[in-house]
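Please look over the sequence and the model first.

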Amino acid sequence: TQLAPERHKKRIMPTFQTSSRLRWPSSTHAVIDDILNRINLLDACCDNDGLIRIRRPVTTDAKLVHGFLQSSRSSRVPKMVTAPLPQQQQQQQQQASHDECPMVHAILPVDSLAQYLSSTCVEYDGFQPVFIVVEERNASSSSSSDDDWIIRSLAQWSFGYSTWKGRVMNLNVFISGKYESILMKLLATIATELDCKRLVHQKLNKPSADSFCKLHNAEELPEWLQLQLGICHMTALLNKTKFRQEWSTFHENYLFPPHTSDRPCTTDIIVQTLEVANEILIKKSEGSGKKIKLRLASERDANHILNLVKGLAVFEKAADEVIVNSEIYKRDGCGVRHPIFHCILVESLNDESNSSNVVVGMGLFYFGYDALNGGRFLFLEDLFIEQEYRGLGCGTCIMTCLADISLKTGCSRFVWQVLDWNTPAIEFYKTIGATVCNNVLTVRLNYDRICDTAIK
């Protein structure tokens, strides 16, 4: 079931909030727990004589959550199917390490899952996925021990970002069972309280996508294709550049980097990667008459990002869809301690003083987590280079940087989406080894529908 495009629907116009209540992550966990307490008092829970509870699992619940995910995956979740690779790409994949293949479609070990259930995870990763479980108590038990509670439904989400709308709730895992209505109401309430303008979910087959859309009045987005680079393809991309030597000495364990105090923070990793990229760009730009460099966006760049986003919206024939402003970019990224998104800017160098440098492109991305599909991943939200500066290697350099950052931060995948009519972009992505996830369908609840679903 596909609804009419969002622009043709009467919508509740969103307003943006900047209060301390929305500060990530210091206040958001308190907001979520407050909502959980409220929903546990709903008739749907009370009518069951206290046999149902909804909560956020903690580190000590890792084995319990892991077991539920394992049992649910075997019966519910099909494996992702990717488009056939050209012969040359298949040979590269065979030559690379095959460690990627089982991990991309796997649930992480209990110890790794426990790290992401920890409240201190954000201090090392800059983000933290949120797990919510619906549990039933064994009716025959007379005790109140936690051992008597059995997980029946689970949702796992993390913040995503839309450069047009702002915060997004990415619903990565949704094992709902008979509590689907309660769970969706809860998620919609959390989304509105945390100023998320969209709730996005992905299904791995058409029937399940149709069912979700019909039940929750969501819209399906068949025109959006999902592409990805796995570990061996990211490695192959880095092998073509100086990045390979620098990356290979960075960590011994790429997929599960330890959450320890001596691990470099994400911002330091990004900055170090951009330093290597700029050495490559300087050599490539010699003789072209155009000198360019990459740098990480800061608070003063919010207007630059907004201008580039508007340019991209015009290209995608949706100029009226951009509703954010520069203050929202400052709230959620651009130099805050725990940004929801990061942005790499392409800057044209006009003089040595940097006073007249011009921002001509960007790659805006964020980190996500999928408990059923390899854990942590990097998602590229927008890649845009102004027309005059295309063909200089900026796009390839940003994609290589993001592959490098993905590996250094323990991501199993580097993911992005592209409109099916954007042939030049699709052809470009194929040159770096990207594969199309043919059966991944994106479904979305927009702001008005989230508000309708939320607990009043």
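A residue is called buried when its relative accessible area is under 20%. The model is predicted. Of the protein's 456 residues, 56% count as buried.

The secondary structure comes to 17 helices and 14 strands. Among contacts with a separation of 6 or more, 73% join residues 24 or more positions apart.

Two packed helices are described by the angle and the distance between their axes. Two pairs are listed here.

| Helix pair | Residues | Axis distance | Crossing angle |
|---|---|---|---|
| helix 1 and helix 8 | 28-39 and 180-193 | within 10 Å | roughly 145° |
| helix 10 and helix 15 | 231-239 and 394-408 | within 9 Å | roughly 130° |

**Helix 10 with helix 15.** The angle of roughly 130° makes helix 10 oblique to helix 15. Their crossing is left-handed. Helix 10 contributes Ile231, Met234, Thr235, Leu237 and Leu238 to the contact. Facing them in helix 15 are Met399, Thr400, Ala403, Asp404, Ser406 and Leu407. By class, this contact has 7 nonpolar, 3 polar and 1 charged residues.

**Helix 1 with helix 8.** The crossing of helix 1 and helix 8 is right-handed. On the helix 1 side, the contact uses Val31, Ile32, Ile35, Leu36, Arg38 and Ile39. Helix 8 supplies Ile182, Leu186, Thr189, Ile190 and Glu193. The residues of this contact divide into 8 nonpolar, 1 polar and 2 charged.

Key
Residues are numbered from 1 along each chain as its sequence is written. This is a predicted model: local features need pLDDT of at least 70, side-chain atom pairs count only at pLDDT 80 or more; totals for chains, interfaces and linings use all residues. Side-chain values use heavy atoms; hydrogens and water are left out. Axes are lines fitted to C-alpha atoms, for helices over the stretch in contact, and angles run from 0 to 180 degrees between N-to-C directions. Helices (H or I, at least four residues) and strands (E, at least two) are DSSP runs, numbered from the N terminus. Angles under 35 degrees count as roughly parallel, over 145 as roughly antiparallel, 65 to 115 as roughly perpendicular and the rest as oblique. A crossing is left-handed if the near helix is turned anticlockwise from the far one by less than a right angle, and right-handed if clockwise. Contact means heavy atoms within 4.5 Å. Ala, Val, Leu, Ile, Met, Phe, Trp, Tyr, Cys and Pro count as nonpolar, Asp, Glu, Lys and Arg as charged, and the others, Gly among them, as polar. Buried means under 20% relative accessible area, exposed over 50%, partly exposed in between (1.4 Å probe, protein chains only).
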